[in-house]
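Okay, thanks for coming, everyone.

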Number of protein chains: 2
Amino acid sequence: MSEKNITMPVSADEQVNSNQTRRSFLRKSVAVAGGAVIAAAAAGRASAGAQVTEPLAIPPTNKILGRGVVSVPYGLPSKYEAHVVRRNVEWLTPDTIASISFTPLQDLEGIITPNGLHFERYHGGAVDIDPSTHRLVVHGLVDKPMIFTIEDLKRFPQKAAFWFLECPANGAMEWRGVQMDSLQFTHGMISCSEWIGVSLLDLMKAVGVKKEATWFYGEGADGAALQRSVPLPGAKDQFGKPLPEFDTNEIYKDVIVAYAQNGEALRPENGYPIRLIVPGCEANLSVKYLRRIKFVDKPLVTYQETRHYTDGMPDGRFRQYTLVNEANSVVTFPCPDKKMSGKGSYEIRGLAWTGRGKVKAVDVSVDGGKTWKEAKLLDPVFSKCLTRFTLPWEWDGKEALVMSRVTDETGYVQPTLRQLREQRGSNSIYHKNSIQTWKVLPNGEVHNVQIENL
Amino acid sequence: MSEKNITMPVSADEQVNSNQTRRSFLRKSVAVAGGAVIAAAAAGRASAGAQVTEPLAIPPTNKILGRGVVSVPYGLPSKYEAHVVRRNVEWLTPDTIASISFTPLQDLEGIITPNGLHFERYHGGAVDIDPSTHRLVVHGLVDKPMIFTIEDLKRFPQKAAFWFLECPANGAMEWRGVQMDSLQFTHGMISCSEWIGVSLLDLMKAVGVKKEATWFYGEGADGAALQRSVPLPGAKDQFGKPLPEFDTNEIYKDVIVAYAQNGEALRPENGYPIRLIVPGCEANLSVKYLRRIKFVDKPLVTYQETRHYTDGMPDGRFRQYTLVNEANSVVTFPCPDKKMSGKGSYEIRGLAWTGRGKVKAVDVSVDGGKTWKEAKLLDPVFSKCLTRFTLPWEWDGKEALVMSRVTDETGYVQPTLRQLREQRGSNSIYHKNSIQTWKVLPNGEVHNVQIENL
């Protein structure tokens, strides 16, 4: 993402074991500090709403006839929601065709990202592919290489699930010391959809994958022809060494070739007509405009696996194939994009996620991490999916430091930035999942801050 | 829906007990007839896809650079999906502002309906309401009538769930003998979303609803000013008699005032900025453009509760306040809008739903109901939500009669049209939930048929 500022040669002849990095963040105990600071908001919430004292005027819309059906055969948002759009950062990349746009998380509720607001990441721009001529080839270490039309793929058993996709560069600007005063830009490289398609396992059966295959890669039909290696059981790195992540053996089981997203066909920005979905892993593995899957016995170590998507470590070496999105969370209200409007009853809301399964718990602090209280997780809590949390908050109108901290089902606890830097220094771009702090001012403004020693 | 053809005076001085109607459809046994006719499709599915025999040409899209990020700040479907839109039936209503459009179920996968494809039903057209001036009043039999801004409502605890909305007229044309040869028109008055808002229970606490309140109604801020009564515990009809439905006491517990749908703000077609959602009940109870909720001690018996939304019975009387959408299902592939392309391996797919809770099982027949086989229910199976079912099918290329039959968690089994007519005659418009049959021809065409005596 920050490619114009930073050179990133792969200097590692041996990978740093990210399991060691990860281990220190495993939650030793589920105990949560007492939450005296966050008073449970009273039922009734006297401060939201006002007593009716006089008759209400009839609104003008009660006196007119509106638009008929199919005035908009494919509907769009209200004109009053025109501010709810994807945005990019103009200085971030030299050109928009190798760039990123951000989902407006501050305006979203629940766990679904509307398809029109899914974040974008291109290495060569979005293309329009005719599904009637598009083909998927599955080949390499297989008994019978095969070619499929989109209609062929739709004849396979269907697999559907709710999964997030997150760019590993989500939060990258924070890593590099650029504190964007906006939730859209600090965390907006994540979206969540119901993805529908064909299980990779079924395609593997159809072509007869040979035992020697320990990796596969997808390749896109766009100008970038993005290629990313995905491990199969027994995968080793290009030096014959085990992969750092203990559960890379499990990743492929969930993989699908997706042709639909939130009900309808994929959008062009999301790889229409088909893309890989590699749930729980950095989104660049979920290759868009998918034209082939090749089974191989080692990782590709291509441009995108060296120039990008490696993690610079304090000792000058680089972690590679750190594929899984570690647990992360953020408060979506309040946030810099959504001010408070006077003291009284509110609900703190946020999103939590982990590439390793389900969110187990989210703690919230309003005093900069001195005390924490466990938030409520709203149903549904799906694996590798955004999870919505809420906590009532009676705001006294004074300055507050609002934070969230997720624990996932493996026991991993979201680290502070200091903890993350102790492990990984400050040369990194990717996989920034540390606790975010929002400072609420008495006037209701909210700002992105970094608390010293946290 | 068919308002231009049919007059519907309320002639009932006593309602027909719809519980009696319903009882005969309760499933006596969960046993399913053996499914010899439907062979389990072989893993590998040799007929989908072809072996690769020559090198594949590089697609032209690999050789160009595409569109950059935020070329479309709010994204839209591919130009190749322009046929996937809501449609209306021009002869059905005299004007489109009191009419309906249909969701293209034939093109949708999974359980989510994209907001742009949610079916529309207006009595006075869709209006654009400025959320900054819109207010919700909650009054009537309450201790403290209150008025809320949209921002006020967002400060209450948030409730979110995946629920379908179905117009009770879904299938109405079939009732009246018009066999539309299209899934979009036979069943497209249903959509499904994640709805997010404020629980009615919280609003009831805020205003202090009095014990005497046994009903409430919502009213819209549009030209139709739609009003619909919703029962609270102890509700009786306008003659002081108990309501026919045993579980009307439970309906209000799930009700929300929704401000978001599938992540973003409601669409204008769906009541922006706020609407009621009354899960499991005919969608007209979920009043759009909601401007007030009034607590009362009897039903309103308004125009929309007499002129529309009553069920003509064989004895000339009318059922009223039959609010719950009974269990229903339909095969979405194959269907008249989606032909078969030669014999071989397929997956029969469909949707099932019930206003009374969860779908328990779906049986599928390919021989016109002689034999049935239990389909697989795809996760998630939520209460009052669309449920996706699938069944592998090895099509021999011969004529087939494809049907689905749902059983819900109360044991209710979806009836045949004959069974429905035995109970309810042929004067009805609403609540047509009988088994749908698609006839597959050897050439792959699929047609809407009614099998004699079924």
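**Strands, sheets and one buried glutamine**

Let's start with one pair: Phe216(A) has Val230(A) in β9(A) as its bridge partner. Before I go on, this is a predicted model, where local features need pLDDT of at least 70, side-chain atom pairs count only at pLDDT 80 or more, and totals for chains, interfaces and linings use all residues. Residues are numbered from 1 along each chain as its sequence is written, while chains are lettered from A and ligands numbered from 1 in the order in which they are written.

Back to that pair. Strand β8 of chain A, residues 215-220, runs antiparallel to β9(A), with 5 bridges joining them. When I say strand, I mean a DSSP run of E, at least two residues, numbered from the N terminus, and two strands pair if DSSP finds at least two bridges between them.

So what is the order of the 6 strands in this open sheet? It goes β9(A)-β8(A)-β13(A)-β4(A)-β5(A)-β1(B), and the pairing is mixed. At the edges sit β9 (227-231) of chain A and β1 (50-51) of chain B, each pairing on one side only.

Now the interface. 104 residues of chain A are in contact with 104 of chain B; contact means C-beta atoms, placed from the backbone, within 7 Å. On the chain A side, strand β17 (residues 344-353) gives the largest share, 4 residues. That side splits into 50 nonpolar, 27 polar and 27 charged residues. Here Ala, Val, Leu, Ile, Met, Phe, Trp, Tyr, Cys and Pro count as nonpolar, Asp, Glu, Lys and Arg as charged, and the others, Gly among them, as polar.

Next, Gln158(B), which is in strand β6 (residues 158-166) of chain B. Buried or exposed? Gln158(B) counts as buried because it has 24 C-beta neighbours inside 10 Å, and the cut-off for buried is 20 or more. Beyond its neighbours within four places in sequence, Gln158(B) contacts Glu109(A), Glu347(A), Arg349(A), Thr390(A) and Ile196(B).

Last one: chain B has an open, antiparallel sheet of 5 strands, β19-β18-β22-β23-β24. Its edge strands are β19 (373-374) and β24 (446-449). β18, residues 359-365, pairs with β19(B) over 2 bridges, and Val364(B) is opposite Lys373(B).

Notes: Contact = placed C-beta atoms within 7 Å. Buried ≥ 20, exposed ≤ 12 C-beta atoms within 10 Å, placed from the backbone.
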